[in-house]
Amino acid sequence: MAKTFQRSHQLAGGSVVVLSTLLLSVLAWAQAWGQDNVVPPSTSQVPFSQDCQIGDIAVATESPLPNVAAALRQRKQIKILAFGASSSVKQGPMRRGHTEETRQILQRAITGLNVIMINRGVGGELSSQAAERIQNDVALNEPDMVLWQVGTEDALAYTPLAELETTIIDTVRWLKQHKVDIVLVGLQYVDRMERDEHYRAVRQLLNRISASENVMIVRRYEAQKQLARTQLNGSNPFQDEFERSEAGYVCLAQYLARAITIGIFRERGRPLPNPNLPRPSN
Amino acid sequence: MIRQVNPVDFWRGIALVSIFINHIPGIYYSRFTHTAYSISDSADLFVFLAGWALRYMVGAPSSKMPAWYLTLRLWGRAITLYMAQIVITMIALAILAGVALWLNNPLLLEWHNAAAVFNDPGQTLVGLALITHQLGYFNILPLYVLLMTMAPVFVLVDRVSPHLVLPLSLLIYGLTLGFQVSIPTWPIEGEWFFNPLAWQLLFVLGFVLAREDGIGGLIRRHMQAIRLIALPILIIGVFLTYYGWWIDPTEVPTPKLYFLLSKTYATPPRVFQFLALVAVMSVTYPYIKQFASWLVEFLAMLGRNSLYVFCISSILSLVGQIVRFLYQGSVYIDTTVVICGILIMAFTAWLLEWRKRFNDRISLRVAASSS
């Protein structure tokens with residue numbers, strides 16, 4: 001009896017500990033949500049339009065964005081500094097820069113989030129020139145994240161790969177050191193450039209850097225290539241490669257928003273509600 | 001009547017050649033321009049000399065030219081520069097579109113901030129007309145247009161109180177850097193690559209230092225001492241540029257722009273280094289003229305026709321980039337691009353002067369026959 005009581009007591013004690021832990025976890029979780037007042041989106045809230053559906057291709061590598069997540073937690077506001085070429089995209093009756101479109105998608109998707117997007121793209125700029133400006137603009141604007149479309153201009157100018165690699169890695173490390181997350185945006189897909197060795201090498205270099213430095217890269221090339229294949233299958237309304245180029249920016253805005261959202265909520269340890277999130281393919 | 005060879009045209013010629021080379025990113029010969037070893041670059045020289053030339057254009061503060069006439073003249077020049085910007089931008093867009101169609105490669109439409117023009121011509125054409133949308137490497141003339149539009153203010157203040165021009169310019173510069181004031185671009189959100197409110201300082205410095213009296217005279221009288229101070233600044237600048245030594249931008253005091261190395265804002269370290277460069281290099285002109293007079297004649301010819309040569313060199317830089325892309329950039333291709341480019345720039349200048357001489361001869365003959 002005494003043994004039974006003792007076992008019951010132990011069981012009860014164990015249960016209390018387990019329940020208390022669970023309760024505390026739930027409370028902590030609930031408190032975190034309460035403090036944040038930020039609702040994690042489902043992928044349906046960061047949707048791809050019909051023209052940007054790319055099947056199973058992973059839009060981005062799954063690297064966390066800890067500083068953006070922290071900013072979201074503390075301020076409900078994230079500041080993004082965008083570098084690289086930009087174009088305007090048409091959404092409904094409005095036209096705006098594709099980074100501005102990304103900002104609006106993010107704000108719509110994550111309730112309570114305020115996104116500040118600062119565009120500092122300069123046309124024709126090599127990565128080495130952008131790298132200098134990135135450091136200055138980080139000092140001036142104190143962003144939580146840098147969005148860097150990198151490589152296209154260097155590929156066209158035949159920048160030596162070793163030089164490009166050093167520039168990007170140094171910049172990525174500098175940003176990490178200064179608690180700024182970085183999302184790289186890869187090269188564009190163009191049929192003609194498939195056979196260009198240097199273009200391919202730059203693309204591979206970016207993927208390699210993303211893996212070795214554990215930074216997120218938006219796989220623009222792979223996504224656009226998939227869109228082009230879809231078009232060839234006759235299920236896409238784009239007529240030629242030139243139109244595809246324009247549509248590429250519309251999709252890029254959506255891919256960026258999705259990638260950033262994944263990065264934020266992966267870091268917070270809260271998987272997005274939709275289990276069918278694209279997985280990295282490499 | 002064609003101007004005699006002078007230092008301003010010579011240095012302007014150097015700036016033009018240097019800008020042509022440096023506007024072809026990745027080109028082998030950029031390592032031989034002063035940009036590779038200097039905090040400032042040819043853009044600073046170009047703007048400074050534009051201010052210097054403004055002094056010649058408006059004359060001494062005692063000039064009898066009415067203020068309204070002076071203002072109209074300067075704005076007329078601004079309109080000429082504006083038209084030049086529109087023309088070269090349209091030619092650049094046509095080149096990009098033509099090559100993209102020829103190669104069936106839409107990637108070329110994305111180059112140099114051109115994507116918005118082709119994706120959203122409605123808004124972007126308005127932006128091009130308002131010079132709020134600028135192609136990459138086609139952004140110096142918009143700066144020059146705004147500087148020339150602002151120029152009447154500085155010129156008229158110079159007439160009333162010459163000692164106030166530089167403080168006024170410094171005040172605008174200080175506030176711009178202090179509060180990080182920028183000129184926005186549209187329809188693509190961003191800021192002007194060359195901030196006119198900051199770059200006006202170099203323009204005004206050129207204008208003020210070109211004066212024979214006042215601060216210009218003072219500097220000339222103490223040039224030897226100034227060069228002694230300038231030389232170490234220049235040498236330090238070479239090391240800073242070559243080895244990338246500078247304080248971490250996040251660690252500089254506030255207002256940060258006073259201490260950063262920013263081209264957009266022509267920040268103080270850049271301006272100081274540029275002035276040191278001017279002070280030191282100005283001593284070399286007589287020697288270059290003595291030992292390489294052909295070079296001085298050649299570069300001064302480019303400098304005398306700077307607007308046309310600049311326009312043609314901007315187009316040539318773009319063509320050079322396309323050629324490098326097509327032939328996968330090598331020293332041989334780069335050499336061909338540079339030689340052909342400089343020859344075409346020289347031909348442009350020669351043609352303009354030939355036409356001028358021809359017109360002068362005709363005028364003389366008409367005058368002789370009528371008398």
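1. Ground rules. This is a predicted model, in which local features need pLDDT of at least 70, side-chain atom pairs count only at pLDDT 80 or more, and totals for chains, interfaces and linings use all residues. Residues are numbered from 1 along each chain as its sequence is written, and chains are lettered from A and ligands numbered from 1 in written order.

2. A:Thr99. This residue sits in helix 3 (residues 98-109) of chain A. Helices (H or I, at least four residues) and strands (E, at least two) are DSSP runs, numbered from the N terminus. A:Thr99 is buried because 29 other C-beta atoms lie within 10 Å. The cut-offs, with C-beta atoms placed from the backbone, are 20 or more others within 10 Å for buried, 12 or fewer for exposed, and partly exposed in between. Beyond neighbours within four places in sequence, A:Thr99 is in contact with A:Ala82, A:Ser86, A:Met117 and A:Asn119. Contact means C-beta atoms, placed from the backbone, within 7 Å.

3. A:Lys76. Its phi is positive, near 55°, and it is not a glycine. A:Lys76 lies in the loop between helix 2 (66-75) and strand 1 (77-83) of chain A. It counts as partly exposed because it has 15 C-beta neighbours inside 10 Å.

4. Helix 3 of chain B. B:Asn104 follows the helix, with a positive phi near 50°.

5. Helices 10 and 11 of chain B. Helix 10 (residues 223-243) and helix 11 (residues 268-281) pack at about 125°, with axes 8 Å apart. Axes are lines fitted to C-alpha atoms, for helices over the stretch in contact, and angles run from 0 to 180 degrees between N-to-C directions. The angle makes helix 10 oblique to helix 11. Angles under 35 degrees are roughly parallel, over 145 roughly antiparallel, 65 to 115 roughly perpendicular, and the rest oblique. Contact residues include B:Met223 and B:Ile226 of helix 10, and B:Phe272 and B:Val280 of helix 11.

6. Cis prolines. The B:Trp186 to B:Pro187 peptide bond is cis, with omega near 10°. B:Pro187 is in the loop between strand 1 (184-185) and strand 2 (190-191) of chain B. The B:Thr254 to B:Pro255 bond is also cis, with omega near -5°. B:Pro255 is in the loop between helix 10 and helix 11 of chain B.

Technical notes
Two residues are in contact if their C-beta atoms, placed from the backbone, lie within 7 Å.
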